[in-house]
Amino acid sequence: MSTSEKKSALPAVFVQVRNSSKRLPGKVMMDIGGQTLIQRLHDRLVNLQPLPVYFLTSNDPSDEILIEHFEEHDISYIRGSLSNVLERFIQAGETLGFEQFFRIGFYNFCAIRFMVLIFCVLYYL
């Protein structure tokens, strides 16, 4: 989509995720009760709020496992710089046509229900 095309009036939910965590590498793909953490996060976000959800990951080879999972489960994603997270978000907004978005880091997994409540309140104002 070119930047001259119409932008979406609704915001999106952009989830920052990578597989190369320093403290716990591979945590996003850990199986908890028969489901990966990344799938649990996706399902919660999609089922608890009305906005489109996109996962933003990097072009780093360590994130290939995430891409395989996203494609296998039909999860929307954008790839970008591993070291420049801001650039990844800007690229996603421009590519997908969103001027506004909610940013979620995978480390916020425990706060998802609270965030979804905020999304819904802001969405319906």
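This is a predicted model: local features need pLDDT of at least 70, side-chain atom pairs count only at pLDDT 80 or more; totals for chains, interfaces and linings use all residues.
Visitor: Which residues touch the most other members in the largest nonpolar core?
Guide: Val15, Val17, Phe55 and Phe70 do, in a core of 18 residues.

Visitor: Which elements each supply at least two residues of it?
Guide: Those are β1 (12-16), α1 (37-48), β4 (53-58), α2 (64-72) and β6 (101-105). The largest share, 4 residues, comes from α1.

Visitor: And what does Phe55 touch, leaving out residues up to four places away in sequence?
Guide: Its contacts include Val15, Val17, Ile38, Leu41, Phe70 and Ile78.

Visitor: What is in the second core?
Guide: That core is separate and has 8 residues, among them Phe14, Ile78, Phe89 and Ala92.

Visitor: Back to β4. How many of its residues are buried?
Guide: 6 of the 6, so β4 is largely enclosed by the rest of the structure. Val53, Phe55 and Thr57 lie on one side, and Tyr54, Leu56 and Ser58 on the other.

Visitor: Which way does β4 run against β1, parallel or antiparallel?
Guide: Parallel, with 4 bridges joining the two strands. Tyr54 in β4 stands opposite Phe14.

Visitor: What about β4 and β5?
Guide: β5 (residues 77-80) also pairs with β4 in the parallel sense, over 4 bridges. Thr57 has Arg79 as its bridge partner there. With α2, the two strands make a right-handed β-α-β unit.

Visitor: What does its side chain reach?
Guide: The Thr36 side chain reaches the backbone nitrogen of Gln39 at 3.1 Å. Beyond four places in sequence, Thr36 is in contact with Val28, Met29, Met30, Asp31 and His69.

Key: Residues are numbered from 1 along each chain as its sequence is written. Side-chain values use heavy atoms; hydrogens and water are left out. A nonpolar core is a set of buried Ala, Val, Leu, Ile, Met, Phe, Trp, Tyr and Cys residues joined through side-chain atoms within 4.5 Å. Buried means under 20% relative accessible area, exposed over 50%, partly exposed in between (1.4 Å probe, protein chains only). Contact means heavy atoms within 4.5 Å. A polar contact is a pair of N or O atoms within 3.5 Å; within protein, one must be able to donate a hydrogen and the other to accept it, and residues adjacent in sequence count only if both atoms are side-chain atoms. Two strands pair if DSSP finds at least two bridges between them. A crossover is right-handed if, with the strands pointing away from the viewer, the path from the first strand over the helix to the second runs clockwise.
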